[in-house]
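Hi,

Here is the structure I promised to pass on. Please open it next to this email, and my notes on what turned up follow below.

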Amino acid sequence: MSTKTRVRVEQGHKRVRAYLGGRLVADTVCPVLVWEVPYYPAYYIPLDDVRAELISEGPGRRSPSRGDATAYTVKVDGAEAPGAASRYVESPVAELRGLVRLDWDAMDSWFEEDQEVFVHPRSPYTRVDVLPSSRHVRVEVDGVTVAESGSPRLLFETGLPTRYYLPKTHVRMDLLEPSETVTHCPYKGTAEYWSVRAGGKAHRDLAWSYPTPLPESGGVEGLVAFYDEEVDVFVDGVRQERPRTKFRSAE
């Protein structure tokens, strides 16, 4: 691991593949994880493991920690993504000099081993635990009880507040209106959302569920959770403090 110039760099051990237009762009068993932001890493790929053509576009973005980048168009079998690759060949962080950074969103799909990964690479320091509980959980929205259960599943995810997942039979589904919103989580899978109508108004995308979660989060399959940042949650009769997160803010 390197922490020089405030960049955390670690050698990864998963097989990582990236595709563009259905064509293989990169295939490596030696990915390098680089924490460009504190929350999760980016994958940097050894140059020899990039299967696509990289066409130089000249200077790219400058990073105070990684140095000056050269930007490249990624081209493979007729598919191309302008500016989708970067190299830091004279980086002050020596580990980055022989690597290629592929823009995550510019690729059509990414795989860790044989499982597709969404949103961003998984951090090896993020853990998700789903535990059954007999604690009594009640959820209020604008003073209206919208869910109440003595058999919740509690989801503990590194760096985030505890989430309370409740059976649909313990939720006032008559107060929930399906939303078109869909989000993806690299640890839990694809979530569907509901707005909650209570207190005379609709609270947009306040509840969600994972109908087919990833294996490590299988314990919340089909259960409903609420943004504790915007609802009142009572656990064993005690009102919980509303958390502040990057997703929602307490009032």
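**A serine in a loop**

Let's start with Ser 123, which sits in the loop that links strand S11 (115-117) and strand S12 (128-132). Before going further, please note that this is a predicted model, in which local features need pLDDT of at least 70 and side-chain atom pairs count only at pLDDT 80 or more, while totals for chains, interfaces and linings use all residues. Residues are numbered from 1 along each chain as its sequence is written, and side-chain values use heavy atoms, with hydrogens and water left out.

Is Ser 123 buried or exposed? Ser 123 counts as buried because its relative accessibility is 8%; buried means under 20% relative accessible area, exposed over 50%, and partly exposed in between, with a 1.4 Å probe and protein chains only. Leaving aside residues up to four places away in sequence, Ser 123 touches Trp 35, Tyr 39, Pro 41 and Tyr 187. A contact here is a pair of heavy atoms within 4.5 Å.

**The protein as a whole**

The secondary structure comes to 22 strands and zero helices. Both are DSSP runs numbered from the N terminus: helices are H or I with at least four residues, strands are E with at least two. Along its principal axes, the C-alpha trace spans about 60 × 40 × 30 Å. Of the 251 residues, 49% count as buried. Among contacts with a separation of 6 or more, 48% come from residues 24 or more positions apart. The protein exposes about 12800 Å², with carbon and sulfur atoms supplying 47% of that area (Shrake-Rupley method, 1.4 Å probe; for residues, only the protein chains shown count as cover).

Strand S13 (residues 137-141) is joined to S14 by five bridges. Across this pair, Arg 138 stands opposite Glu 148, and Glu 140 stands opposite Thr 145. The hairpin of S13 and S14 has two residues between the strands, and Asp 142 takes a positive phi near 50° there.

The other sheet to look at is also open and antiparallel, with four strands in the order S17-S18-S19-S20. Here S17 (176-185) and S20 (225-226) are the edge strands, each pairing on one side only. Six bridges join S18 (residues 189-198) to S19 (residues 201-209), and Ala 198 stands opposite Lys 201.

**Pairings of S9**

Strand S9 (residues 99-102) runs antiparallel to S5 (residues 42-46), and three bridges join them. Pro 46 stands opposite Leu 99 in that pair. Two bridges also join S9 to S8 (residues 79-87), again antiparallel, where Arg 101 is the bridge partner of Ser 86.

**Cysteines**

How many disulfides does a search of the whole structure find? The search finds zero, taking a disulfide as a pair of cysteine sulfur atoms within 2.5 Å. Cys 30 is partly exposed, with a relative accessible area of 38%, whereas Cys 185 is buried at 9%.

Note on methods:
Two strands pair if DSSP finds at least two bridges between them.
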